[in-house]
Amino acid sequence: MTSSKTIVLRSSDGATFEVDEAVALHSLMIKHRIETGGADSTTIDVPEVTGNTLSKVIEYCKKHVEAPNSDDLKSFDTDFVKVDQAVLCHLAKASYYMNIKGLLDLSSKTIADMFKGKTVEQIRETFHIKNDFTPEEEEELRKENSWNLFV
Amino acid sequence: MDRISQLPEFIIHEILSCINGSPTELVRMSVLSKTWFHLTASFPHLYFNMDDFKSRETFFKYIEYTTSRFCRQDVVTARTFKIVTTIHEHAELDIVNRCLELVFKKGVKALEIDITRKFNRYRLPNTLLSVSALKSLTICGCELPSSFKVNVVKFKSLICLKLESVSLDDEVITYLTASCPLLKDFHIKYCHGFKRFCVYRHQNLQKVVISYKTRVERIDIEAPNLCTLGVLDWAKRGAPQMNLASCKKLTFVAYYGCPLPGLNCFTDFLSNFPFIEKLLLSMNYKCNNLKLSSPSLRTLLLDSQCDLEEIELSTPNLVSFNYLCNLRIRKPRIHKPWISDPTCLNACMRCYPNGCIDALWFQKWRRFLDKKNKFKVLNLYVHAAYSQKFEELEKLKALELPPYELEHVELQLESHEESLAHIAFVNAVLWCCRPRSLTFRSSFSFEEQSDVVKFTYEKLLEQEDQGHTNIKIVSPSSSLLMALLREEKAIRYIKEE
């Protein structure tokens with residue numbers, strides 16, 4: 001029978017989550033901590049991630065560990081990232097710190113898709129990016145990139 | 001609030017990697033703000049493909065601009081540099097040379113250069129040989145640097161090397177492998193100029209694939225850690241002489257071509273690999289006599305038009321035999337055995353016959369089973385396009401041999417709807433063998449009361465006159481099974497006391 005050992009993960013804001021060890025090991029960072037931490041590693045701190053985000057990350061890991069071959073995995077992933085920009089960025093950062101490649105790829109691709117097909121102005125607006133070039137610098141860029149119009 | 005720009009650089013680069021196929025989008029990212037300009041400038045994966053551009057002039061300007069901007073950054077090395085292009089004129093040649101020199105000086109880990117040039121092949125700059133950070137190198141259509149044999153090659157970190165359409169001679173191959181002590185993966189494809197492939201005393205080499213159109217006379221490899229060898233002879237001039245006796249870990253060999261004609265051609269061929277465990281033999285011609293003998297072989301994948309009658313296997317440890325018959329229609333889905341199925345430990349034969357499946361085929365199959373192969377599990381996969389032949393299976397009733405005893409039979413019939421052909425198919429299979437359990441998979445769902453389900457049940461019952469008189473049908477609707485099954489279009493019969 002599968003081992004039912006559980007691990008407790010603690011977020012930056014003190015929230016704790018009890019998860020099956022198999023689910024926790026989906027994060028290579030946690031796997032490393034467990035392997036090098038010795039027998040007492042039943043509670044693991046994840047100070048880079050808040051409770052809200054950690055709860056979502058755990059949801060992702062659970063699905064991918066418990067039903068990796070299910071037909072609805074793809075639709076799960078698609079729905080999982082239907083969140084606002086803030087949450088998406090938090091997920092990307094958490095997956096990076098916790099070393100969960102699948103989630104990092106998923107969030108990166110989702111953000112990348114949000115850039116596609118938009119003009120520079122539209123991108124700035126969508127992501128609230130401030131244009132901090134001086135008019136001279138912009139002109140310089142425009143000249144260098146004028147060939148961009150022919151791509 | 002601008003959260004995206006605050007993300008760690010690594011994540012931004014992951015995002016840019018998703019956009020890397022589109023130069024326009026990448027350029028757009030670089031003009032968003034100063035932060036984004038630097039993020040794009042230091043993006044360490046540089047990818048240039050002629051196909052993404054409408055104008056050659058723009059393409060070459062883009063290569064020059066992006067590469068020089070990258071090399072001006074504080075970044076230590078490039079992670080990837082890939083260029084796929086043709087060169088038509090001198091100005092273009094200059095730009096490519098300049099950019100490659102810049103990148104080589106900066107350092108790069110994974111390099112892929114695919115350059116086609118009219119009349120004169122492109123010759124790589126000599127500075128390539130000093131890129132000591134290189135871990136992966138792929139060259140297609142170019143000539144190696146002119147100082148190649150004069151200057152010492154410094155590929156101390158190279159792990160993966162692939163050469164396609166590069167002119168090589170025997171010495172170059174030996175010298176190259178000797179200069180790359182960490183090399184694990186070496187692949188040469190359509191290279192010309194060499195007759196012998198010789199590698200001596202290489203500690204780290206694990207995988208070698210040689211794919212060629214001109215005749216290769218000899219393959220000589222001394223590599224104690226070599227585990228995979230692929231020999232793809234597109235010219236089909238007969239297998240080269242081989243010396244791999246010292247490769248004690250060589251367990252997987254793939255061969256495409258045709259060994260020299262002769263009675264014992266395959267036996268001799270296999271004797272080159274005394275430790276082989278898995279063999280993929282692919283021959284695009286009708287072989288009249290296939291005798292394979294190997295005490296260590298465990299898995300055999302045979303892709304040829306060879307008849308079952310012509311095959312003789314002296315392979316006492318064979319656990320899995322995949323008989324592929326040049327299946328062209330589509331790649332068969334090879335199902336993994338059921339998790340709790342103990343029969344997956346037994347010797348298993350998987351057949352993917354093409355259109356030749358008729359009564360004669362079943363007879364040959366039945367006779368093949370009698371040869372000393374001891375298969376206990378059979379898997380027969382048939383594409384529905386061939387099902388019109390099934391009506392002829394009535395002729396099978398004249399079979400003299402008793403049904404072959406088996407642990408388990410798995411049938412997969414690719415078809416969209418049930419038909420009489422399915423019944424004829426099951427009938428033919430059950431004339432040939434008597435399994436203790438049977439699984440029937442198809443693209444359509446099984447109804448409990450369907451004709452084929454009932455027929456199969458009755459036929460299985462008919463086979464048993466004593467002992468196992470109870471047949472349990474495990475169908476997708478059983479909840480016990482849902483946990484084990486990944487697909488629901490299968491039905492299983494198990495004979496029990």
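Predicted model: local features only at pLDDT ≥ 70, side-chain atom pairs only at ≥ 80, totals over all residues.
Local features are reported at pLDDT of at least 70 and side-chain atom pairs only at pLDDT 80 or more, whereas totals for chains, interfaces and linings use all residues. Residues are numbered from 1 along each chain as its sequence is written, chains are lettered from A and ligands numbered from 1 in the order in which they are written, and side-chain values rest on heavy atoms, with hydrogens and water left out.

**View 1. Helix H3 of chain A and its packing partners.**
Helices (H or I, at least four residues) and strands (E, at least two) are DSSP runs, numbered from the N terminus. Helix H3 of chain A covers residues 51-66, 16 residues in total. The distance from its first C-alpha to its last is 22 Å, close to the 22 Å expected, where the expected span is 1.5 Å times one less than the number of residues. The buried positions (under 20% relative accessible area; exposed is over 50% and partly exposed in between, with a 1.4 Å probe and protein chains only) are A:Gly51, A:Thr53, A:Leu54, A:Val57, A:Ile58, A:Tyr60, A:Cys61 and A:His64. These residues pack against strands S1 (6-10) and S2 (16-20) of chain A, and against helices H1 (21-24), H4 (73-80), H5 (85-97) and H6 (101-115) of chain A. Contact here means heavy atoms within 4.5 Å.

**View 2. Helix H6 of chain A and the residue that follows.**
Just after H6(A), A:Gly117 adopts a positive phi of about 75°.

Side chains of opposite charge can pair when their charged atoms come close. A salt bridge is counted when a side-chain nitrogen of Lys or Arg is within 4 Å of a carboxyl oxygen of Asp or Glu, and the count over all chains is 26. B:Arg367 and B:Glu309 form one such bridge, with their closest N and O atoms 3.8 Å apart. B:Arg367 belongs to helix H8 (residues 359-370) of chain B and B:Glu309 to the loop between strands S15 (299-303) and S16 (311-314) of chain B, so the pair ties together parts 58 residues apart in sequence. B:Arg367 is partly exposed at 37% relative accessible area, and B:Glu309 is partly exposed at 43%. The network of salt bridges links B:Asp307, B:Glu309, B:Lys364 and B:Arg367.

The side chains of B:Glu405 and B:Arg434 meet at 2.7 Å, N to O, in a salt bridge. B:Glu405 lies in strand S20 (residues 404-414) of chain B and B:Arg434 in strand S21 (residues 433-442) of chain B, so this contact ties together parts that are 29 residues apart in sequence. B:Glu405 is partly exposed, with 45% relative accessible area; B:Arg434 is also partly exposed, at 27%.

**View 3. The sheet S7-S9-S11 of chain B.**
Three strands of chain B form an open sheet in the order S7-S9-S11, with parallel pairing. Strands S7 (196-199) and S11 (241-243) of chain B are the edges, each pairing on one side only. Two strands pair if DSSP finds at least two bridges between them. Strand S9 (residues 218-221) of chain B is joined to S11(B) by three bridges, and B:Gln241 in S11(B) is the bridge partner of B:Arg218. B:Arg218 also forms a salt bridge with B:Asp220 at 3.3 Å, N to O. B:Asp220 is buried at 9% relative accessibility, whereas B:Arg218 is partly exposed at 25%.

**View 4. Parallel strands S4, S5 and S6 of chain B.**
Strand S4 (residues 136-140) of chain B runs parallel to strand S5 (residues 160-164) of chain B, and five bridges join them. B:Cys140 has B:Glu164 as its bridge partner in S5(B). S5(B) pairs in the parallel sense with strand S6 (residues 185-189) of chain B, again over five bridges. In S6(B), B:His187 stands opposite B:Lys162.

**View 5. B:Tyr493 in strand S23 of chain B.**
B:Tyr493 is found in strand S23 (residues 490-496) of chain B and is buried at 1% relative accessibility. B:Thr456 is 37 residues away from B:Tyr493 in sequence, with a C-alpha to C-alpha distance of 8.7 Å.
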